[in-house]
Amino acid sequence: MAGTPRRFYRCACFCTENLYVARYGLHLRFRGEQQLRLDYGPILRSRGCVSSKDFEELLAEQEEKEGNAKWSTSCPSQQLCKLEQEVERRRQLGQESAARKALIASSYHPARPEVYNLLQDAVLAPEFLAAAQYSTSPGADLKGLLQQLETVSEEKRIYRVPVFTALFCQALLEELDHFEQSDMPKGRPNTMNNYGVLLHELGLDEPLVTPLRERFLQPLMALLYPDCGGGQLDSHRAFVVKYAPGQDRELGCHYDNAELTLNVPLGRAFTGGALYFGGLFQAPAALMEPLEVQHMVGHGVLHRGGQLHGARPLVTGERWNLVVWLRASAVRNHLCPMCCRKPDLVDDEGFGDGFTREEPTTVDVCALT
């Protein structure tokens, strides 16, 4: 029926896969202790999980960072129960997020209400506006667009462009500070970051992120990454991550649950914390000679979601980054990037993880090598 909102879904693998173990820098699948030993025994031993005690501590101290939940020390049999509880917790995340969003919408009083206005050109950098305008012009092509952007790595297809003005970055930071200090419930960004804000819960998806994706990012990405669904982006997940002493200070190597990613440093004074990039996660020796990229406030780094990357340890100060995972159901409906299988769809709230049941026009899956 015309006008019916599209339904988005999550892949069932979310509940049991990609549990991050910071101590060993691994994302693990967990379906039981025996499976864990069989699937990950060699790589765990290579990273220092050698003795039976080490393995028991792995089970007991496994930390799932989304929601800031930490499991207390217990014997493996007790921990299995904890892991089963975590599976159920993940199944409820969508409903809990929707409840937080509703409470924030009804009870929260912003410090910078202008941040919630519908996205205006005035908050965007002139270079970004020019690149987006070029991308929608007749005869636009990749060669012409690259003259508007900084090519960070031609081989890795990583680019950078100013996105927001300094004034907007400062206003958004002030609003995020105010929200963090409020007594509102807060959902954490993802399984690797403890500190930050989910923008859809704060009410910034509709006025800020959706028009940013639809009006500006999609035309750019269509030219930069046509093979990754860049011209068919139909959902996103946007969040702000915070790094500071005594909180998260670095980010382990990973790839994103997205076809494409935008990463914009919002500011604060800091040293260290550079991004680093390897190859695509499917490629052999994907982290050989990683490329380091320094942060530039307001400048967005554009890259493929499957590009392995992380952040070096913060040395001093505080850093906030806005991250937008850009998703194309035309690509991910055929292969879930997290389990590398045909997605097993389950109901979820909002954009879910970007999967749909209908079949949009298909595109080639982003090259795996």
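**Helix packing and salt bridges in a predicted model**

Helix α5 (residues 126-135) and helix α9 (residues 205-224) have axes that come within 8 Å and cross at roughly 65°. That makes α5 roughly perpendicular to α9. This is a predicted model, in which local features need pLDDT of at least 70, side-chain atom pairs count only at pLDDT 80 or more, and totals for chains, interfaces and linings use all residues. Residues are numbered from 1 along each chain as its sequence is written, and side-chain values use heavy atoms, with hydrogens and water left out.

**Terms for the helices**

- Helices (H or I, at least four residues) and strands (E, at least two) are DSSP runs, numbered from the N terminus.
- Axes are lines fitted to C-alpha atoms, for helices over the stretch in contact, and angles run from 0 to 180 degrees between N-to-C directions.
- Angles under 35 degrees count as roughly parallel, over 145 as roughly antiparallel, 65 to 115 as roughly perpendicular and the rest as oblique.

**Where α5 meets α9**

- On the α5 side, the contact (heavy atoms within 4.5 Å) involves Phe128, Leu129, Ala131, Ala132 and Ser135.
- Their partners in α9 are Leu212, Phe216, Leu217, Pro219, Leu220 and Leu223.
- By class, the contact of α5 with α9 has 10 nonpolar, one polar and no charged residues.
- Here Ala, Val, Leu, Ile, Met, Phe, Trp, Tyr, Cys and Pro count as nonpolar, Asp, Glu, Lys and Arg as charged, and the others, Gly among them, as polar.

**Salt bridges**

- The whole structure holds 17 salt bridges (a side-chain nitrogen of Lys or Arg within 4 Å of a carboxyl oxygen of Asp or Glu).
- One of them joins Arg100 and Glu201, at 2.7 Å from N to O.
- This pair links distant parts of the chain: Arg100 sits in helix α4 (residues 93-107) and Glu201 in helix α8 (residues 199-202), 101 residues apart.
- Arg100 and Glu201 are both buried (under 20% relative accessible area, with exposed over 50% and partly exposed in between; 1.4 Å probe, protein chains only).
- Another salt bridge joins Arg312 and Glu292, at 2.8 Å from N to O.
- Arg312 lies in the loop between β16 (307-311) and β17 (314-317) and Glu292 in strand β14 (residues 291-293), so the pair ties together parts 20 residues apart in sequence.
- Arg312 counts as partly exposed because its relative accessibility is 28%.
- Glu292, at 43%, also counts as partly exposed.

**Cys15**

- Cys15 is in the loop between β1 (9-11) and β2 (19-21).
- Its relative accessibility is 11%, so Cys15 counts as buried.
- The C-alpha atoms of Cys15 and Glu88 are separated by 7.6 Å, though the residues are 73 apart along the chain.
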